[in-house]
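My notebook is open and the structure is about to go on screen.

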Amino acid sequence: CWHTSYDKLGGIAALEPVKFSITSHRGCFGGCSFCSIFFHQGKYISCRSHQSIINEIEKLSRRSDFNGTINDIGGPTANMYGMYCKQKTHNCSRPSCIYPNICKNLNLDYSQMLGLMDKIMKFKKHCQKKLNVYIASGVRHDLALHSKKYIELLAGDFVGGHLKVAPEHYSDKVLKLMGKSGIDKFEEFESLFEQ
């Protein structure tokens with residue numbers, strides 16, 4: 001609910017894009033030099049269960065104002081769902097788990113993400129209403145290269161026209177300062193995505 005002063009405007013326009021969006025996880029281990037997510041969500045990923053997310057999809061789909069589309073299932077970086085640090089103490093001082101190289105303690109297993117996508121597709125088949133479910137949160141393309149199956153499912157079933165990726169620049173010098181992989185990784189991802 002919004003303050004009654006917004007009633008004359010018909011509500012708050014900024015709520016529309018997220019009204020039918022679902023947060024699947026929080027945190028980001030990217031450690032980009034310009035980003036504040038690390039400071040307010042941390043670098044360790046906290047995920048909701050598959051069932052919790054499916055329950056929310058079901059609940060949203062029953063609303064009278066539901067338009068048939070879940071605009072986004074994601075978090076700060078969509079494809080970090082289910083990934084975690086194998087070091088149990090969480091006392092690592094490294095700002096990024098993936099730059100300039102991938103930390104040996106990072107579990108880059110896509111099974112949780114792929115499992116969630118599979119459950120969502122099964123739910124869509126059995127849903128009484130036509131249902132579209134998209135991933136509109138930004139995708140870390142250099143991480144996506146670790147699972148061609150993820151890229152295949154993403155491109156085939158979970159993109160509603162535009163996909164957000166975060167190269168943010170094309171100069172390798174600038175990307176290095178940002179704590180991002182080179183443009184060659186983006187071009188590799190782009191090629192696989194188009195295929």
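**Aromatic pairs.** I started with the rings in this predicted model. Rings of Phe, Tyr and Trp (its six-membered ring) pair if their centres lie within 6.5 Å; planes under 30 degrees apart are stacked, over 60 edge-to-face, and the rest tilted. By this rule I get 4 aromatic pairs. I looked at one of them, Phe38 with Phe39, which is edge-to-face. Their centres are 5.3 Å apart, and the planes make 85 degrees. A pair of aromatic rings is described by just these two things, the distance of the centres and the angle of the planes.

Phe38 has 35% relative accessibility, so I call Phe38 partly exposed. Phe39 has 70%, so Phe39 counts as exposed.

**Ground rules.** I number residues from 1 along each chain as its sequence is written. For this predicted model, local features need pLDDT of at least 70, side-chain atom pairs count only at pLDDT 80 or more, and totals for chains, interfaces and linings use all residues; side-chain values use heavy atoms, with hydrogens and water left out.

**Confidence.** Next I checked pLDDT, the predictor's confidence in each residue, from 0 to 100. The chain averages 93, and 100% of the residues score at least 70. Where is confidence lowest in the chain? It is lowest in helix H1 (residues 16–19), with a mean of 84. Strand E2 (residues 25–26) is highest, at 98. Helices (H or I, at least four residues) and strands (E, at least two) are DSSP runs, numbered from the N terminus.

**Helix H6.** Which residues of helix H6 (residues 148–157) are buried? I found Tyr150, Ile151, Leu153 and Leu154. Looking down the axis of H6, I see the buried residues within an arc of 165 degrees, so they line one face of the helix. The arc is taken from the directions from the helix axis to the C-beta atoms. On the other side of H6, Lys148, Glu152 and Gly156 are exposed.

**Salt bridges.** I count a salt bridge when a side-chain nitrogen of Lys or Arg is within 4 Å of a carboxyl oxygen of Asp or Glu. By this rule there are 9.

I stayed in H6 for one of them. Glu152 bridges to Lys149, with the closest N and O atoms 3.8 Å apart. Both lie in H6, 3 residues apart, about one turn of the helix. An α-helix has 3.6 residues a turn, so residues three or four places apart point the same way. Glu152 is exposed, at 54% relative accessibility. Lys149 is partly exposed, at 44%.

Helix H1 holds another example. Glu16 and Lys19 both lie in H1, 3 residues apart. Their closest N and O atoms are 3.9 Å apart. Glu16 has a relative accessible area of 49% and is partly exposed. Lys19 is partly exposed too, with 29%. I then traced a network of salt bridges that links Glu16, Lys19, Arg63 and Asp65.

I also looked up Arg48, which forms a salt bridge with Glu56. Here the closest N and O atoms are 2.6 Å apart. Arg48 is partly exposed at 25%, and Glu56 is partly exposed at 24%.

**Helix H8.** Glu190 is found in helix H8 (residues 183–194). Glu190 is partly exposed, at 35% relative accessibility. Glu190 and Ile151 are 39 residues apart along the chain, and their C-alpha atoms are separated by 9.9 Å.

**A cis bond.** Which residues does the cis peptide bond I noted join? It joins Tyr99 and Pro100, with omega about 5 degrees. Most peptide bonds are trans. Pro100 sits in the loop between strand E6 (84–85) and strand E7 (106–107).

Conventions: Buried < 20%, exposed > 50% of the residue type's maximum accessible area, 1.4 Å probe, protein only.
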